[in-house]
Amino acid sequence: MAICDANYCFTIIHVGSFGKESNCNIFKKSAFGKKLYGNKTNFPQPKCLPEDEGGTAQPFVLVGDEAFALHTNLLRPFPGRSLNDKRRIFNYRLSRARQNIECTFGILSNKWRVFHNALLVEPDFAVVITKACCVLHNFIRRRDGYNTEDTQNCEMEDETEKIGVGNSTSVAKEIRDYFVDYFNEPAHELSWQNKVIGL
């Protein structure tokens, strides 16, 4: 479980949970997840979105998939297949933002091929190997800079197998709805976003 920045560097990692646990539960039990859901993170103060002068200041948010619980500082896509066009565009834009973490994991595993097979070591040593590779990954990214070859083979996980998480607060839903409207305004839409989702 990890959070990355726009330069494909890990900013927060959590290693050592069992694979049978859901992503949401692993995240909630992690040190950062406890802080996030306990509203104890040190995010910057809310700001207006780019080119949204006079709009409502929005909190800084992380981007997750459907497995995560919607939160004031964590956006997740709308579940289901019967979505209106605005929500489909929002889900598409969110999935594009999530590509960064998928690519970061892809770069990590391609650089450190130990991740191409099962680690045949004790679980505690596997945790040490994974943490060391993440630290080395960040070091090399910062030393060598951006490489376009790194991102050419990034693939997103299959969205259809995610299990949604309910019971979100009304504030978190209002924030997500604000982003839905923002992404669908003519001033903020991508010129090709409608074509991609078949509009």
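Which side-chain oxygen reaches to within 3.2 Å of the backbone nitrogen of Lys86 at the start of helix 3? The oxygen belongs to Asn84. The model is predicted: local features need pLDDT of at least 70, side-chain atom pairs count only at pLDDT 80 or more, and totals for chains, interfaces and linings use all residues. Residues are numbered from 1 along each chain as its sequence is written, and side-chain values use heavy atoms, with hydrogens and water left out.

**Overall architecture**

- The chain contains 6 helices and 4 strands, where helices (H or I, at least four residues) and strands (E, at least two) are DSSP runs numbered from the N terminus.
- Along the sequence, these elements follow the order β-β-α-α-β-β-α-α-α-α.
- Of the 199 residues, 35% count as buried; buried means under 20% relative accessible area, exposed over 50%, and partly exposed in between (1.4 Å probe, protein chains only).
- Among contacts (heavy atoms within 4.5 Å) with a separation of 6 or more, 62% join residues 24 or more positions apart.

**Helix 3**

- Helix 3 spans residues 85-111 and reaches 39 Å from its first C-alpha to its last, close to the 39 Å expected for its 27 residues; the expected span is 1.5 Å times one less than the number of residues.
- A kink of about 30° is centred on Arg98, the bend being the angle between axes fitted to the seven residues ending at a residue and the seven starting there.
- Asn91 lies in helix 3 and is buried, because its relative accessible area is 15%.
- Leaving out residues up to four places away in sequence, Asn91 touches Pro77, Phe78 and Leu83.

**Nonpolar cores**

- The largest nonpolar core has 13 residues, and those with the most contacts inside it are Leu75, Phe78, Phe90, Phe179 and Phe183; such a core is a set of buried Ala, Val, Leu, Ile, Met, Phe, Trp, Tyr and Cys residues joined through side-chain atoms within 4.5 Å.
- Helix 3 and helix 5 (170-184) are the elements that give two or more residues to this core, and helix 5 supplies the largest share, 6 residues.
- Another core, of 8 residues, lies apart from it and includes Cys4, Leu108, Cys133 and Cys134.

- Val121 is found in the loop between helix 3 and helix 4 (123-144).
- Val121 counts as partly exposed because its relative accessibility is 32%.

Terms used:
A polar contact is a pair of N or O atoms within 3.5 Å; within protein, one must be able to donate a hydrogen and the other to accept it, and residues adjacent in sequence count only if both atoms are side-chain atoms.
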